Amino acid sequence: MTDKPLTKQPQKNGLLRALSAFDSALGAIEKWIITVSILGMALLMSAHVVSSLVFNRGIPGTYEVTEMLIVVITFVGVSYAARHARHISMSAIYEQVGGRLRKGMLILLCLGSAALMFYFAYLSLGYVDTIYSRGRTSSSLHIPLWIVYTSLPVGFTLAGVQYVLTAVRNMISKELYRNFREKEEFSDVPDEQ
């Protein structure tokens, strides 16, 4: 009887280590995209203001690039919010239950949210394909818009992956996790009845 827990535990730990490494890699990608976009936007806008003051002429296309970076930040930010459980949630019923029912509801909510994010990614791929096939470009810099709007399916897919990771973590762990790395720590969680 002592062999079963010992053989099962390393598999669980191995799975958690693999998922944790995957989660860390996705987190690094998200941080890099968001950081580069925000810094790029800040530097571009600052350079535009300085250029306007010094040379009486701003940098052409600044507002266009800024709008594009806002799109990227917004949709990659969806995944970032899901990673840190900082998204809007309607949890009135969820907060009233405890124990296994609460865990079951969390897993169901995560899987439903993941399915919705993957569906949005699918729809946004169609949108990106339409923009690509029509050859749409930005008005002043003529940047192909499909490049910018690729952030939609990427962001939705990353968010879906985060919800799946949270669901899997809750399926294989005894504790309740609000995201892959953070345990749910409410002092007023109802006890199982």
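Salt bridges and a nonpolar patch

Modeller: In this predicted model, Val49, Val50, Leu53, Val54 and Phe55 make a nonpolar surface patch of about 540 Å².

Colleague: Why is Val54 called exposed?

Modeller: Exposed means over 50% relative accessible area. Val54 has 54%, so the residue is exposed. Val54 is found in helix α1, residues 3-55.

Colleague: What makes the contact of Asp23 and Arg181 a salt bridge?

Modeller: The rule asks for a side-chain nitrogen of Lys or Arg within 4 Å of a carboxyl oxygen of Asp or Glu. For Asp23 and Arg181 the N to O distance is 2.9 Å, so the pair counts as a salt bridge. Asp23 lies in helix α1 and Arg181 in the segment after α5 (151-172), so the pair ties together parts that are 158 residues apart in sequence.

Colleague: Why is Asp23 called buried, and why is Arg181 called partly exposed?

Modeller: Buried means under 20% and exposed over 50%, with partly exposed in between. Asp23 has a relative accessible area of 2%, so it is buried. Arg181 has 43%, so Arg181 is partly exposed.

Colleague: How do you know that Arg83 forms a salt bridge with Glu30?

Modeller: Their closest N and O atoms are 2.7 Å apart, and the cut-off is 4 Å, so the pair qualifies. Arg83 is in helix α2 (residues 62-83) and Glu30 in helix α1, 53 residues apart. Both Arg83 and Glu30 are buried.

Colleague: Which residues are linked in a network of salt bridges?

Modeller: Asp23, Glu30, Arg83 and Arg181. By the rule, the count comes to five salt bridges.

Notes. Residues numbered from 1 in each chain as written. Predicted model: local features only at pLDDT ≥ 70, side-chain atom pairs only at ≥ 80, totals over all residues. Heavy atoms only, no water. Patch = residues over 30% accessible without salt bridge, like charges linked within 9 Å, V, L, I, M, F, W, Y side chains within 5 Å. Areas by Shrake-Rupley, 256 points an atom, 1.4 Å probe, with all protein chains shown as cover. Helix = DSSP H or I, 4+ residues; strand = E, 2+ residues; numbered from the N terminus. Buried < 20%, exposed > 50% of the residue type's maximum accessible area, 1.4 Å probe, protein only.
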